[in-house]
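Q: I would like to learn how to read aromatic pairs and helix packing in a model. Please take me through one case.

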Amino acid sequence: MVTFKDIFKKSFLQETGSLTTEIFMLSLLAAFLCAMIIYLVYRNFYKGVIYSNNFNILLVLTTIVTCFIVLVISSNVVLSLGMVGALSIVRFRTAVKDPLDVGFLFWSIAVGITCGAGLYMISVIGTVFVSLVYIFLIKIRTGKSVYLLIVKASEEAVPEVSKKLQHIKKKLKNRTTVKGFSEFTYEVRFYEDNTAFLSEISAIEGVESAVLVDFTGDYCE
């Protein structure tokens with residue numbers, strides 16, 4: 001007589017699923033190809049504070065490892081339970097410096113899951129679509145941008161600097177005066193190609209430095 005225990009043992013504890021070497025290699029290859037698309041998009045279009053090649057490599061590894069985990073989980077229930085128990089003790093304490101990095105990380109995980117589930121076409125289409133959306137949003141960045149203008153000048157040069165900044169929308173954020181020199185930090189808004197005034201300020205006698213810093217971390221002098 002077949003009991004529920006026998007059915008459970010046969011169906012869940014002994015079955016290893018339909019995972020074959022061909023499916024395994026095809027899933028990893030699809031994950032790798034999609035991960036390389038993510039790698040190239042991150043390298044060529046990333047606009048965060050600091051580009052990290054190590055993090056970019058991590059995105060590729062995360063995609064492949066996630067695919068590998070999904071393949072293992074889908075092949076055997078016992079292995080999936082063990083995998084869940086093993087992953088539950090993992091703790092990630094590295095601080096993410098840019099919100100875009102979180103988006104790329106979730107993107108790589110999603111690609112790994114879809115490839116591990118055998119949805120190769122969906123994974124490729126989704127990867128290309130997200131890439132195009134990200135590139136589109138980066139390229140349409142137009143209009144006025146917000147910068148920090150840091151000027152260090154002598155007290156005699158301060159009126160001339162203020163005169164040069166009259167036509168720019170600005171807000172004083174900080175002023176420090178030490179031994180006859182003042183350092184001003186302004187929040188300014190203008191179009192990206194309208195930076196000629198920076199050279200004019202630097203040319204003023206008594207101006208020691210003039211630095212323009214974007215909130216993404218890019219700067220010019």
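**Aromatic pairs and a helix contact**

A: Phe104 and Trp107 both lie in helix 5, three residues apart, about one turn of the helix; helices (H or I, at least four residues) are DSSP runs numbered from the N terminus. The model is predicted, so local features need pLDDT of at least 70 and side-chain atom pairs 80 or more, while totals for chains, interfaces and linings use all residues. Residues are numbered from 1 along each chain, and side-chain values use heavy atoms, without hydrogens and water.

Q: How many aromatic pairs does the ring rule give?

A: Rings of Phe, Tyr and Trp (its six-membered ring) pair if their centres lie within 6.5 Å; planes under 30 degrees apart are stacked, over 60 edge-to-face, the rest tilted. The count here is six aromatic pairs. In one of them, Tyr42 and Phe104 sit edge-to-face, 4.8 Å centre to centre with 90° between the planes. Tyr42 belongs to helix 2 (residues 21–45) and Phe104 to helix 5 (residues 99–116), 62 residues apart.

Q: Are Tyr42 and Phe104 buried or exposed?

A: Buried means under 20% relative accessible area, exposed over 50%, partly exposed in between (1.4 Å probe, protein chains only). Both Tyr42 and Phe104 are buried.

Q: At what angle do helix 2 and helix 5 pack?

A: Two packed helices are described by the angle and the distance between their axes. Axes are lines fitted to C-alpha atoms over the stretch in contact, with angles from 0 to 180 degrees between N-to-C directions. Helix 2 and helix 5 pack at about 160°, axes 9 Å apart.

Terms used:
Helix = DSSP H or I, 4+ residues; strand = E, 2+ residues; numbered from the N terminus.
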